Amino acid sequence: MLLLPRAVRIHLAAEPVDMRKSIDGLFVHVQRVLVADEYSGHLFVFVSKRRDKVKVLAWDGGGFLLLYKRLEAGRFRMPDVAHDATSVQLDSTQLAMLLDGIDVSRVRRPLQWQPPGQPAESQGTTARW
């Protein structure tokens with residue numbers, strides 16, 4: 001399980017990325033395609049065309065961190081992404097399932113309890129699996 005502060009956003013690139021890209025290449029992709037602040041400390045997730053490899057790029061305050069995972073069998077299951085979107089926001093549970101290669105197409109999350117009188121937390125920015 002990944003334990004990330006709620007302030008950390010996880011951005012999954014909508015389009016496949018060439019896995020030959022290193023930190024510098026992914027840095028440029030974040031700047032030009034995702035149009036995001038690469039020094040924010042947020043996580044930027046990239047999947048290969050065959051969906052068997054994933055790279056995660058993050059700034060940790062002193063340098064960039066790059067996590068790479070290759071599935072030996074199977075494919076990473078991508079969430080639905082709007083045709084004009086450059087990325088989709090995930091939460092840490094969704095990222096953990098993605099990295100585990102779990103097919104979450106049939107997984108449904110129960111509605112979270114909200115105290116009476118509190119507005120429901122917006123679910124519009126997270127991926128629908």
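This is a predicted model: local features need pLDDT of at least 70, side-chain atom pairs count only at pLDDT 80 or more; totals for chains, interfaces and linings use all residues.
## Helix α1

Within α1, the buried residues are L26, F27, H29, V30 and L34. Viewed along the helix axis, these buried residues fall within an arc of 160°, and they therefore line one face of α1. An α-helix has 3.6 residues a turn, so residues three or four places apart point the same way. The face of α1 turned away from the buried side carries the exposed residues D24 and R32. The cover over the buried residues of α1 includes β1, β2, β3, β4 and β5.

## The sheet

Five strands form an open sheet in the order β4-β3-β2-β1-β5, and their pairing is mixed. From one strand to the next, the twist averages 25°.

Strand β1 (residues 10-13) and β5 run antiparallel and are joined by four bridges. In one of the pairings between residues, A13 has S87 of β5 as its bridge partner.

## Packing of the helices on the sheet

Helix α1 (residues 23-34) packs on the sheet and touches β1, β2 (43-47), β3 (53-59), β4 and β5. The direction of α1 makes about 100° with that of β2. Helix α2 (residues 92-99) also packs on the sheet, where it touches β1, β2, β3, β4 and β5. The direction of α2 makes about 110° with that of β5.

## Helix α2

Six of the eight residues of α2 are buried, so this helix is largely enclosed by the rest of the structure. The buried residues are Q94, L95, A96, M97, L98 and L99, and they pack against β1, β2, β3, β4 and β5.

At the start of α2, the backbone nitrogen of T93 lies within 3.1 Å of a side-chain oxygen of D91. After the helix comes G101, which has a positive phi near 75°.

## Nonpolar cores

The largest nonpolar core comprises 15 residues, and L12, V45, V54, L95 and L98 have the most contacts inside it. At least two residues of this core are supplied by each of β1, β2, β3, β5 and α2. Another core, of nine residues, lies apart from it and includes M19, L26, F44 and F46.

Note on methods:
Residues are numbered from 1 along each chain as its sequence is written. Side-chain values use heavy atoms; hydrogens and water are left out. Two strands pair if DSSP finds at least two bridges between them. Axes are lines fitted to C-alpha atoms, for helices over the stretch in contact, and angles run from 0 to 180 degrees between N-to-C directions. Contact means heavy atoms within 4.5 Å. Buried means under 20% relative accessible area, exposed over 50%, partly exposed in between (1.4 Å probe, protein chains only). A polar contact is a pair of N or O atoms within 3.5 Å; within protein, one must be able to donate a hydrogen and the other to accept it, and residues adjacent in sequence count only if both atoms are side-chain atoms. A nonpolar core is a set of buried Ala, Val, Leu, Ile, Met, Phe, Trp, Tyr and Cys residues joined through side-chain atoms within 4.5 Å. The arc is that of the directions from the helix axis to the C-beta atoms.
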